[in-house]
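Subject: Structure handover

Hello,

Here is the structure I said I would pass on. My notes on what was found in it follow.

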Amino acid sequence: MKTRFVLINTSHAGNVGAAARAMKTMGFDDLVLVAPRWANVLRREETIQRASGALDVLNNARIVATLDEALDGMSHLCATAMTPRDFGPPTRSPRAHFEQLLTEAPGQAASALPHTAFLFGSERFGMRNEDVYRCHVALSIPSNPQFGSLNIGAALQVIAYEWRLTLGGFDVAQNPALATGNAADAAQVAGMLAHLEESLVALEYLDPAAPKKLMPRLNALFNRAAVTQEEVHIVRGIAKAVLQQSARLRAATAPADAPGDIKG
């Protein structure tokens, strides 16, 4: 299954760079430009700056003269058009259409989806009717009815994200400490809570005769936080410092021995 993004008659070099960046963030690299305004658009400074590091996508991109060339090898064509046409393909949101495609795929497997091309029209006048008519669907991103126009980079990012989710998506980055098995175990959390409780008693914040539900609530808080071993050490270090300071204050405020007292 192939995915291709096609920009037709693009007039702003920066939008080509923005499109390349949006594609790369979602793991796509097949970009084709149909008769762009600038013949050297892939090498223009504004393009490179807006690509923000997606130079491999730009280097892999092709410039062709006609839409037929751009669509060679593609079997499912998706126009991007905010305004429905009186005649032509149905208009659907990207998510609804992709869900339908996946349902129709053999075994509902992402790998069985058709070779799909996403077409984006010129910034000045959008997609021509004749280009929309040859597509299987017109994708319309649900947006504010009073202000629904998206620039090419933003629209491509939304569609690329929805398509990537349909293909399986990427794993969300996890906390590195937790990912490497550095999470505190139950015994470590219990030891930390006991140490913390001792320090709270020393501060006279916790009355051991009437503790209420302070410690169970703290226990629930630390469980939700999924603390790491390092974080347990930090909390215990704070508890230790509190106990040491409390001991020093008690010693400094203890009454002095009266004159004439005999020490045995």
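Apart from neighbours within four places in sequence, Leu 156 is in contact with Phe 5, Leu 7, Ala 19, Ala 22, Met 23 and Phe 120. Please keep in mind that this is a predicted model.

Leu 156 belongs to the largest nonpolar core, which has 35 residues. Along with Phe 5, Leu 7, Val 16, Leu 31, Phe 118 and Phe 120, Leu 156 touches the most other members of that core. Two or more residues each come from β1 (3-8), α1 (13-25), β2 (31-34), α3 (55-60), α5 (94-104), β6 (116-120), β7 (137-139) and α7 (152-167). Another core, of 16 residues, lies apart from this one and includes Ile 8, Val 64, Ala 70 and Leu 119.

Last, Thr 25, which lies in helix α1. Thr 25 counts as partly exposed because its relative accessibility is 41%, between the 20% and 50% cut-offs. Leaving aside neighbours within four places in sequence, Thr 25 is in contact with Gln 157 and Phe 170. The side chains of Thr 25 and Gln 157 are joined by a polar contact of 3.1 Å. Thr 3 is 22 residues away from Thr 25 along the chain, and their C-alpha atoms are separated by 14 Å.

Regards

Methods:
Residues are numbered from 1 along each chain as its sequence is written. This is a predicted model: local features need pLDDT of at least 70, side-chain atom pairs count only at pLDDT 80 or more; totals for chains, interfaces and linings use all residues. Side-chain values use heavy atoms; hydrogens and water are left out. A nonpolar core is a set of buried Ala, Val, Leu, Ile, Met, Phe, Trp, Tyr and Cys residues joined through side-chain atoms within 4.5 Å. Buried means under 20% relative accessible area, exposed over 50%, partly exposed in between (1.4 Å probe, protein chains only). Helices (H or I, at least four residues) and strands (E, at least two) are DSSP runs, numbered from the N terminus. Contact means heavy atoms within 4.5 Å. A polar contact is a pair of N or O atoms within 3.5 Å; within protein, one must be able to donate a hydrogen and the other to accept it, and residues adjacent in sequence count only if both atoms are side-chain atoms.
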